[in-house]
Amino acid sequence: MPDWLLYTGSRRPHDGIDRLPPPPPWRAFDGDPVLPFPSGPSGNEHQATTYRPSDDAVQQVNAALYLRRPLLVTGPPGTGKSTLAYAVAHELGLGPVLHWPITSRTTLRDGLYQYDPLTRLYAAGRTEAPSDEDIGRYIRLGPLGTALLPYGRPRVLLVDEIDKSDIDLPNDLLTIFEKGEYELPELTRRADPSADVMTADGPGSRVTVMAGTVRCRAFPLVVMTSNGEREFPPAFLRRCVTVELRQPAGEAELAAIVREHLGPLADQSDDLVRRFFERSASGTLATDQLLNAVYLCRHAATEDRRALADRIMPYLSEPIDDD
């Protein structure tokens, strides 16, 4: 039996997704007609091609793909939670990542679709309701709504910082993730509930929604990131595959990350890597702060690299008081 891992963390594109077996019976979806899969890069190629996933992250990504379940990625800032989505899309050829940033004001509707009735009314040039024929021009599917279109391959959806959401959003997502479909009431109320609508893939990207309903075929790889600022309800957690990312365990691992990102610019940066670890013992730091410090110190005309690095690497939380 071949290795079960589809995503390997190799950072080299391949067609391993074609080996994905049929879903479990309770996670099978039958949306149609099957849409052409969008081509193109993941949307963050540098991060995708320099990311070094942990063995645990690789295993859990594959579990989410096989089980057709969302992946909840937790960990401190700078550990690559968001980058993981781009790395998977790059390696498995899953097209552009659909990015849905979350705030305290975000609602489920924001992720599914937006309808602009006022612009439609103004375009009609009259005060009474415009005709139904043009309604699709004023509906745009959001990142979640686009990810649930009936593609033959799973799209990658990044739900970024879900811990910042309103308390109801995780539970609202449960129904969508379980059903794999949603309705557009603006279409279902019409005599003809079908329309060509815009998607989150950018200008000119349109699909036909039939019967006012979108139903997926290949359940998307949903990567939800969390900085651990809140707890999630058990019903939500049990429907997710979870993985916790950690900061690099030692100087050698961190130096390797710096070399991946900066190449020759990382030469003679051992003192900055060491300084990062010294400071991280007293407060929270993120790896991208070190990358900024290495890059700047390589180009800045200063003899006091340590002082400059310290200014570029401020603590992200209150420093630990040894006293």
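Analyst: A residue is called buried under 20% relative accessible area, exposed over 50% and partly exposed in between, using a 1.4 Å probe and protein chains only. Covering rests on contact, meaning heavy atoms within 4.5 Å. The element names come from DSSP runs numbered from the N terminus: helices are H or I runs of at least four residues, strands are E runs of at least two.

Some housekeeping: this is a predicted model, where local features need pLDDT of at least 70 and side-chain atom pairs count only at pLDDT 80 or more, while totals for chains, interfaces and linings use all residues. Residues are numbered from 1 along each chain as its sequence is written, and side-chain values use heavy atoms, with hydrogens and water left out.

Back to α12, which runs over residues 287-299. The expected span of a helix is 1.5 Å times one less than its number of residues.

L316 is in the segment after α13 and is partly exposed, at 45% relative accessibility. Its C-alpha atom is separated by 5.2 Å from that of T284, 32 residues apart along the chain.

R305 and D271 form a salt bridge, with 2.8 Å from N to O. R305 lies in α13 (residues 305-312) and D271 in α11 (residues 270-280), so the pair ties together parts that are 34 residues apart in sequence. To count as a salt bridge, a side-chain nitrogen of Lys or Arg has to be within 4 Å of a carboxyl oxygen of Asp or Glu. Both ends are partly exposed: R305 has a relative accessible area of 22%, and D271 has 35%.

By that rule the count comes to 18 salt bridges. Another of them joins E178 and R69, with the closest N and O atoms 2.6 Å apart. This one links distant parts of the chain, 109 residues apart: E178 sits in α7 (residues 169-179) and R69 in the loop between α2 (55-67) and β1 (71-74). E178 is partly exposed at 31%, while R69 is buried at 16%. Both belong to a network of salt bridges that links R27, R69, E178 and R239. D18 and R153 also pair up, with the closest N and O atoms at 2.8 Å. Here the two ends are 135 residues apart, D18 in the segment before α1 (45-50) and R153 in the loop between α6 (143-147) and β5 (156-160).

Next, the sheet. Five strands form an open sheet in the order β2-β5-β10-β1-β11, with parallel pairing. Edge strands β2 (98-101) and β11 (241-244) have a single partner strand each, so one side of each is left without a neighbour in the sheet. Neighbouring strands are turned by 20° against each other on average, direction ignored; those axes are lines fitted to C-alpha atoms (for helices over the stretch in contact), and angles run from 0 to 180 degrees between N-to-C directions. Strands pair if DSSP finds at least two bridges between them. β1 has four parallel bridges to β10 (residues 221-226) and four to β11. V73 faces T225 in β10 and V243 in β11. On the β2 side, four bridges join that strand to β5 in parallel, with P101 partnered by D160.

Last, the nonpolar packing. A nonpolar core is a set of buried Ala, Val, Leu, Ile, Met, Phe, Trp, Tyr and Cys residues joined through side-chain atoms within 4.5 Å. The largest one has 40 residues, and L144, Y182, L184 and M224 touch the most other members. α7 supplies its largest share, five residues. Beyond four places in sequence, the contacts of Y182 include L112, Y113, L141, I176 and V214. A separate core has 31 residues, among them V61, L65, Y86 and L245.
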